[in-house]
Amino acid sequence: MSTVRVQLESSVPRSPAELWDWSTSVEGVVTEMGPVLKLDFPEGMTHIPRDGSNLGRPLGDYRFLLFGVVPVDLSRLTFTEMEPGRRFVEQSPLLSMKSWRHERIITPSPDGSKVVDRLEFTPRFAGPVVGWIIERFFRHRHAVLRKHYRERRSVARGEQGAQRIHA
């Protein structure tokens, strides 16, 4: 199987601090993923550890539920790098992947913030199909993020800038 690399970028008219809170909150993750997938977070959990604690240690086993109902994958959710307020790297073992790495970077921009998601993963099966699905899913996440914060669609943004590279 080949490694797939995808990068998506969106400009969002909010401060990096507000987008950091969103990106590390259960509400933000659930909203971005829905209604396609639901990550089954523990009851009462509001945020992932944002201070860099627990780096490299799984937070637990989390199920991915298609349309919030059908289990489709299992993750040992693990954050390996954290720059509070700016960046995290989630590098979790998944049943469906030989390797998985998701980096989110939030930086100031003239009209708010730039949110970049960099993905690098190696599917265990159906590489081209899984790669296409993951890319579309993260395009969906960025569209939900922009809609949630009501980005003006008339302004050119990096949404068309998704890059996909097979290695």
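This is a predicted model: local features need pLDDT of at least 70, side-chain atom pairs count only at pLDDT 80 or more; totals for chains, interfaces and linings use all residues.
A handy reminder before looking at one of them: a pair of aromatic rings is described by the distance of the centres and the angle of the planes. For Trp100 and Phe121, the ring centres are 5.5 Å apart and the planes stand at 35°, so the pair is classed as tilted. Trp100 belongs to strand E7 (residues 97-109) and Phe121 to strand E8 (residues 112-123), so their pairing ties together parts that lie 21 residues apart in sequence. Trp100 and Phe121 are both buried. Ring pairs also join these two residues with Phe137 and Phe138, giving a cluster of Trp100, Phe121, Phe137 and Phe138.

Attention can now turn to a sheet. An open sheet is formed by 3 strands in the order E2-E3-E4, with antiparallel pairing. Strand E2 (37-39) and strand E4 are at the edges and have a single partner strand each, so one side of each lacks a neighbour in the sheet. On average, neighbouring strands of this sheet are turned by 25° against each other, direction ignored. Between E2 and strand E3 (residues 61-66), the antiparallel pairing runs over 3 bridges. Leu39 has Phe64 as its bridge partner in E3.

Strand E4 spans residues 70-76 and includes Val70. With a relative accessibility of 44%, Val70 counts as partly exposed, because that class lies between the limits of 20% and 50%. Together with Val69 and Val72, Val70 makes a nonpolar surface patch of about 260 Å².

Note on methods. Residues are numbered from 1 along each chain as its sequence is written. Side-chain values use heavy atoms; hydrogens and water are left out. Patches are made of residues with over 30% relative accessible area and no salt bridge: like charges are joined within 9 Å, nonpolar side chains (Val, Leu, Ile, Met, Phe, Trp, Tyr) within 5 Å. Accessible areas come from the Shrake-Rupley method with a 1.4 Å probe; for residues, only the protein chains shown count as cover. A salt bridge is a side-chain nitrogen of Lys or Arg within 4 Å of a carboxyl oxygen of Asp or Glu. Helices (H or I, at least four residues) and strands (E, at least two) are DSSP runs, numbered from the N terminus. Buried means under 20% relative accessible area, exposed over 50%, partly exposed in between (1.4 Å probe, protein chains only). Rings of Phe, Tyr and Trp (its six-membered ring) pair if their centres lie within 6.5 Å; planes under 30 degrees apart count as stacked, over 60 as edge-to-face and the rest as tilted. Two strands pair if DSSP finds at least two bridges between them. Axes are lines fitted to C-alpha atoms, for helices over the stretch in contact, and angles run from 0 to 180 degrees between N-to-C directions.
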